[in-house]
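Okay, thanks for making time, everyone. Let me put the model up and then walk you through a few spots in it.

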Amino acid sequence: MSEKQIDRFVPDEELNKQKEIANKVRELLGTIYPQGYTPCAFVHSYGCQQNVSDGEKIKGILHSMGYQMTDSPENADFVMYNTCAVREHAEQRVFGNVGALKNIKRRRPNMLIGVCGCMSQQESVAKRLKSSFPFVDIVLGTHVMHKLPEIVYTKLTSGKRVFDISGEDGVIAEGLPILRDGTSKAWIPIMYGCNNFCSYCIVPYVRGRERSRKSCDIIREVKEVVAAGCKEITLLGQNVNSYGKENGEISFPELLYKLNELDGDFRIRFMTSHPKDATHELIDAMASCDKVCKHLHLPVQSGSNRILEKMNRKYTVETYLEKIRYAREKMPEISFTSDIIVGFPNEQDEDFEATLSLIKEVGYDLLYTFIYSKRPGTPAAEMIDEITDERKGERFRTLLAVQEEIAYKKLSDMKGKIFKALCEGEGRVLENSLCGRADNNVMVEFENTGKQKIGEFVNVKITSSKGYVCLGEAL
Ligand code: SAH
Ligand code: SF4
Ligand code: F3S
């Protein structure tokens, strides 16, 4: 391992220092609030699962400083918005929600307001928060989350606002406290950052370069959550297929084999796989690891080679389809989901038609569809775009309609078959029912006979479907 790579891990001394400061914050809070009162924190994460996972660490750190969590900003003593910058709409929502805190703070002047995550890592956003949102107390970027105790301590002792968006390449901080949102499912990041620079995407600019955790740390965390009753772990990374490449760790397929060998009744999911790096080895590993769900989220973005090249995606429709075919050959029951961007600069009718034809050919169970959003600072933001918003909207609606038909057909193909689902909670379609995701990621609902338990696996025989939900009987 080179010097540079070792530098990526936040040293233990720094982490211990932050733990000590967290204790000091706890003492300080004891002097600020009346005896017997526990201050409350509200943390909301926008965006992807990586951000949700970061949010669980922010909650963990806040908890270590003496806060208990609350589910509303109204009665919180500390509000933290953990933001996403992937589309403009997401950013506007955050500005709106942060703005709405002004009135709450007027009533509760002691309240602390923080903004962190991908949006705040952008200098322009940090500046705007500084000048137009004077009631925001702390702003921290994605690379200094572990310094939260120090940042809060500085704010509390100096009374001054603290802005820290330092660091560019990014670091890995192991051993931070985590307050997970549930016990039966766990998000486990295996790597951070992204090196792919797809021309439309802001993520590499706000999340820094790819860096992988050590496999021993990942395995330890998986063992811990499984021992605590976790039934489903989702391995996270912007491109999990790059795992280990920059630091000489084992490869992602090798990691899957190792995790599959661990004791316990749990299943493994992962996201996201960049199609250019989804290899036959990955597919072989999925096929032979019984704990790995037979579901592959393989974002294609567009079905036109011309657009894929402009997006800098580094694969073609042909190589993509070859991977889909190979995976189906190895795992006939596999389900695919994908992300599609409609209205990339100067996407022509024939490009869009090519996307429609690709989604029909693959037959995705579910598509996450987005209208292209210009992200300042990315190469695509400089590209000429003569396609009107109306045209993009029409294409978007067409795409949804075509996909809806495909998805309904996929769901009706599940009829009569048995799927293993992880029971998550009450169903929304049927009365007195429970629901959970099947191995293939489809939501299934079944009558609650009193024998099924939330957080446990249930075998469900599918009898019908409604919308995007399959209905069935628990066996
Ligand atoms: N790393 C993952 C996902 C990152 S963001 C991947 O490579 O697939 C999740 C999705 O948001 C992307 O797959 C893409 O479809 C969408 N997205 C990213 N930037 C966007 C933009 N500028 N406008 C619209 N959608 C975008
Ligand atoms: Fe964005 Fe592309 Fe990286 Fe995904 S792989 S995060 S779309 S740059
Ligand atoms: Fe959004 Fe950041 Fe994730 S930009 S999609 S929260 S990595």
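This is a predicted model: local features need pLDDT of at least 70, side-chain atom pairs count only at pLDDT 80 or more; totals for chains, interfaces and linings use all residues.

**A helix pair, a sheet and a ligand shell**

So, helix H8 (residues 215-227) and helix H9 (residues 252-260) pack at an angle of about 35 degrees, their axes 11 Å apart. Axes here are lines fitted to C-alpha atoms, for helices over the stretch in contact, and angles run from 0 to 180 degrees between N-to-C directions. Helices (H or I, at least four residues) and strands (E, at least two) are DSSP runs, numbered from the N terminus.

Residues are numbered from 1 along each chain as its sequence is written, chains are lettered from A and ligands numbered from 1 in the order in which they are written, and side-chain values use heavy atoms, with hydrogens and water left out.

Back to the pair. Which residues meet there? From H8 we have Ser215, Ile218, Ile219 and Val222, and they meet Leu255, Lys258 and Leu259 in H9; contact means heavy atoms within 4.5 Å. By class, that's five nonpolar, one polar and one charged residues. Ala, Val, Leu, Ile, Met, Phe, Trp, Tyr, Cys and Pro count as nonpolar, Asp, Glu, Lys and Arg as charged, and the others, Gly among them, as polar.

Val222 is also one of the residues touched by isoleucine 233, which sits in strand E10 (residues 232-236). Leaving out residues up to four places away in sequence, its other contacts include Ala186, Ile188, Val225 and Phe266. Buried or exposed, then, at 0% relative accessibility? Isoleucine 233 counts as buried, the cut-off being under 20% relative accessible area, with exposed over 50% and partly exposed in between (1.4 Å probe, protein chains only).

Now the sheet. Six strands make an open, parallel sheet in the order E2-E1-E3-E4-E5-E6; two strands pair if DSSP finds at least two bridges between them. The edges are E2 (68-69) and E6 (162-164), each pairing on one side only. E6 pairs with E5 (residues 138-140) over three bridges, one joining valine 139 to phenylalanine 163. Helix H4 (residues 88-107) packs on the sheet, touching E3 and E4, at about 175 degrees to E3.

Last stop, ligand 3: around it are Cys48, Asn51, Cys84, Ala85, Val86, Cys118, Arg207 and Gln238, each with a heavy atom within 4 Å.
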